[in-house]
Amino acid sequence: MSLLRNQVHMTEDFENLLAYNLYNQTGYSNTEDRNNIKKMLKVGIDNMLTEKQRKCVVMHYFEKKPMKQIAKELGVCPSTVTRTIQLAKKRLSILSVFL
């Protein structure tokens with residue numbers, strides 16, 4: 001469970017697989033924990049990131065766009081997108097203190 005709480009980002013498939021396995025093994029459903037983490041991440045994305053970081057994170061993780069496509073749409077190099085997302089994740093990692 002602590003592994004799940006310390007992750008800043010998980011894909012929905014992986015998150016659901018963990019929840020399913022945990023429920024099957026223990027009978028515990030972490031739906032409430034996952035929903036709380038998602039709410040906290042949304043607040044963090046909205047309030048802790050720069051506009052450029054927010055755009056890159058939303059496009060990559062929520063709209064499922066590849067880095068090259070994001071770079072093309074924003075008119076920057078793919079490496080810039082990668083660095084921007086890395087910085088955003090680093091900024092959001094502070095939220096794990098509250099989990």
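The structure is a predicted model. The protein contains 6 helices and 0 strands, and along the sequence the pattern reads α-α-α-α-α-α. Of its 99 residues, 28% are buried. Among contacts with a separation of 6 or more, 55% join residues 24 or more positions apart. The accessible surface amounts to about 6,700 Å², and carbon and sulfur atoms account for 57% of that area.

The buried residues of helix 3 are D33, R34, I37, L41, G44 and I45. Viewed down the axis of helix 3, these buried residues fall within an arc of 105°, and they therefore line one face of the helix. The face of helix 3 turned away from the buried side carries the exposed residues E32, K39, K42 and N47.

The next step is the packing of helix 3 against helix 4. Two packed helices are described by the angle between their axes and the distance between the axes. For helix 3 and helix 4, the angle is about 145° and the axes are 9 Å apart. In this contact, I45, D46 and N47 of helix 3 meet R54, V57, V58 and F62 of helix 4. The residues of the contact comprise 4 nonpolar, 1 polar and 2 charged.

Helix 6 can be read in a similar manner. At 1.5 Å a residue, its 15 residues should span 21 Å, and the end C-alpha atoms are 21 Å apart, in agreement with that value. The buried residues of helix 6 are T80, V81, T84, I85, A88 and L92. Seen down the axis of helix 6, they fall within an arc of 130°, so they line one face of the helix. The cover over these buried residues includes helix 3 (31-48), helix 4 (51-62) and helix 5 (67-74).

T84 counts as buried because its relative accessibility is 9%, where the cut-off for burial is under 20%. Leaving aside residues up to four places away in sequence, T84 touches K52, Q53 and C56.

How values were computed:
Residues are numbered from 1 along each chain as its sequence is written. This is a predicted model: local features need pLDDT of at least 70, side-chain atom pairs count only at pLDDT 80 or more; totals for chains, interfaces and linings use all residues. Side-chain values use heavy atoms; hydrogens and water are left out. Helices (H or I, at least four residues) and strands (E, at least two) are DSSP runs, numbered from the N terminus. Buried means under 20% relative accessible area, exposed over 50%, partly exposed in between (1.4 Å probe, protein chains only). Contact means heavy atoms within 4.5 Å. Accessible areas come from the Shrake-Rupley method with a 1.4 Å probe; for residues, only the protein chains shown count as cover. The expected span of a helix is 1.5 Å times one less than its number of residues. The arc is that of the directions from the helix axis to the C-beta atoms. Axes are lines fitted to C-alpha atoms, for helices over the stretch in contact, and angles run from 0 to 180 degrees between N-to-C directions. Ala, Val, Leu, Ile, Met, Phe, Trp, Tyr, Cys and Pro count as nonpolar, Asp, Glu, Lys and Arg as charged, and the others, Gly among them, as polar.
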